[in-house]
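Dear colleague,

Please find below the structure that I am handing over to you.

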Amino acid sequence: RPVLAGRDFLSNLDMSVAELRVVMDTAHSMKRGEWREVKPLAGLSLALVFEKASLRTRTTFDVGMYQLGGHAITLSNTEIGLGTRERVSDVARNLERWVDGVMGRVYLQQTLHELADHASIPVINGLSDMLHPAQLLADYQTIEEEFGTDLRGRRVVYIGDGNNLANSHIHMGILTGTEVTIVTPVGYEPNAGVLMDAVRAGVNVTLTNDLAAIEGADVLYTDVWISMGMEAEADIRRRAFRGYQVTPAMLDTIAPDGIFLHCLPAHYGEETVPEATEHPKSRVFDQAENRLHAQKALMYHLMGNLKPRW
Ligand code: CP
Ligand code: NVA
C-alpha cells in the first residue's frame, strides 16, 4: 500500500521515520526483483524537469518509471525556460493537467516549493541548491546493505563542502539516528536552517574543520567542491578545500568494515582520486545502482494510489 500518496518529496523530512522504513523496505524488495511482474504505475507519466545536467538522476527516474509500467518525459530548461520563458506557477498548472508527477532538478529550492504550491500532483526534489533527498534514499539503502536496518549510533562522516549533500545528510541523521559529522573548511558549513532542523529535533550534529574526525567512521562520504552553478568560485574553492581530499590513506583510517560513498560525478584530483573509487571500501557504484531501486520505491509510494486519468 502506498504510504506517501499525493504528497511532495522536497526534503527527507517530508517522510516520517515509519514512512522512511516502509520506503526503504520497498527499495530492498524491488532490488531483489520481487516487483518484476507488478506494474503499479501503468498508465501514469512523470515529467523530469532539468535546469542542470544529470546522468544518474535522469536515467534512474526514467528507467524506474518504465520498470513500474509508467512513462517519463524529460524537459530540459532550454525547452521550458522555468521562470524565464514562462513563470513557474504557470508551468506547474500546465504539467498537472497532463502528467501524474514532476521531478525537478533546479537551482533554487524555492522553485520546487513554487511548483509544489501550484501543482496538485506530487513534486519530487531531484537536487536543488539546498538538498538532494532522493540521493540520500539510495545512500541509506547502500548503508543498510552494509550494516543492517538499525543504524542508530553508526558514524556517518561527510567531508568537503557543506552543500546540498551535507544538508540532506543532516536530515537523514535526524530520521535514522546515525551520528552525523560534517567536516568542512571554515566558512563552508552546512545551511543554518537545516542545522536548526537538527536542533528542533534534539539531534546532535558535529561540525568540525578537523580531519581527525574521520577516524573510525562507519561511512565516509564526499561530494564535489564546486557544485553546479558555482563555477565562478572554482579557484577560491580549490584553495579553501585543499587537504580535504579523500585518498586511499584516509580510507585506511575509517573503521575496518567502514565504507566510502560519493554521490558522483567525481571531480578527480579535487575531492577525491580514482584510487579511492577503486578501493575495496568503496561502494560508489552500488550506491549509484541504488538510485534506481530507491527512487522506484519512492515513486510507487507517492503515485501508486493513482489510476490513469485518460
Ligand atoms: N548523483 C547525482 O545526482 O548524479 P547526476 O547529477 O548525474 O544526476
Ligand atoms: N553538490 C553537487 C551534487 C551533484 C549530484 C551539485 O550540486 O552539483
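An unreviewed UniProt entry places the feature "binding site" at Asn164, Asp223, Ser227 and Met228. These positions span 65 residues in sequence, yet no two of their C-alpha atoms are more than 11.6 Å apart, so they gather at one spot. Please bear in mind throughout that the model is predicted. The chain averages a pLDDT of 98, and 100% of the residues score at least 70. For the complex, the predictor gives an ipTM of 0.99 and a pTM of 0.98.

Two of the annotated residues deserve a separate description. Asn164 belongs to helix α7, which covers residues 164-176. Is Asn164 buried or exposed? Asn164 counts as buried, because 26 C-beta neighbours lie inside 10 Å and the cut-off for a buried residue is 20 or more. Leaving aside neighbours within four places in sequence, Asn164 is in contact with Leu127, Ser128, Asp129, Met130, Leu131, His132 and Ser227. Ser227 is itself one of the positions that the UniProt record lists.

Met228 is placed in the loop between β8 (219-222) and α9 (234-240). With 16 other C-beta atoms within 10 Å, Met228 is partly exposed.

I turn next to the ligands. Which residues surround ligand 2? They are Leu127, Asn163, Asn164, Leu165, Asp223, Val224, Ser227, Met228 and Cys263. Asn164, Asp223, Ser227 and Met228 in this shell are the positions named in the UniProt record. By class, the shell around ligand 2 has five nonpolar, three polar and one charged residues.

Around ligand 1 are Ser54, Leu55, Arg56, Thr57, Leu127, Gln135, Cys263, Leu264 and Pro265. This shell, too, is made up of five nonpolar, three polar and one charged residues. Leu127 and Cys263 occur in the shells of both ligands. Domain 1 (12-131 + 289-303) and domain 2 (133-284) each supply at least three residues to the shell around ligand 1.

The arrangement of the domains may also be of interest to you. The domain assignment divides the chain into domain 1 (12-131 + 289-303) and domain 2 (133-284). The centres of domain 1 and domain 2, taken over C-alpha atoms, are separated by 24 Å. Domain 1 gives 27 residues to the contact, and domain 2 gives 22 residues. On the side of domain 1 that touches domain 2, the elements giving two or more residues are α1 (17-31), β4 (123-125) and α12. That side of domain 1 has 15 nonpolar, eight polar and four charged residues.

Gln295 counts as buried, with 29 C-beta neighbours inside 10 Å. Apart from neighbours within four places in sequence, Gln295 is in contact with Thr60, Phe61, Gly64, Ala134 and Leu137. Gln295 and Trp225 are 70 residues apart along the chain, and their C-alpha atoms are separated by 25 Å.

Yours sincerely

Note on methods
Residues are numbered from 1 along each chain as its sequence is written. Chains are lettered from A and ligands numbered from 1 in the order in which they are written. This is a predicted model: local features need pLDDT of at least 70, side-chain atom pairs count only at pLDDT 80 or more; totals for chains, interfaces and linings use all residues. pLDDT is the predictor's confidence in each residue, from 0 to 100. A residue is near a molecule or strand if its C-beta atom, placed from the backbone, lies within 6 Å of it. Ala, Val, Leu, Ile, Met, Phe, Trp, Tyr, Cys and Pro count as nonpolar, Asp, Glu, Lys and Arg as charged, and the others, Gly among them, as polar. Domain bounds come from an automatic or database domain assignment. UniProt positions are given in the numbering used here, feature names are shortened, and annotations may be inferred rather than shown by experiment. Helices (H or I, at least four residues) and strands (E, at least two) are DSSP runs, numbered from the N terminus. A residue is buried if 20 or more other C-beta atoms lie within 10 Å of its own, exposed if 12 or fewer, and partly exposed in between; C-beta atoms are placed from the backbone. Two residues are in contact if their C-beta atoms, placed from the backbone, lie within 7 Å.
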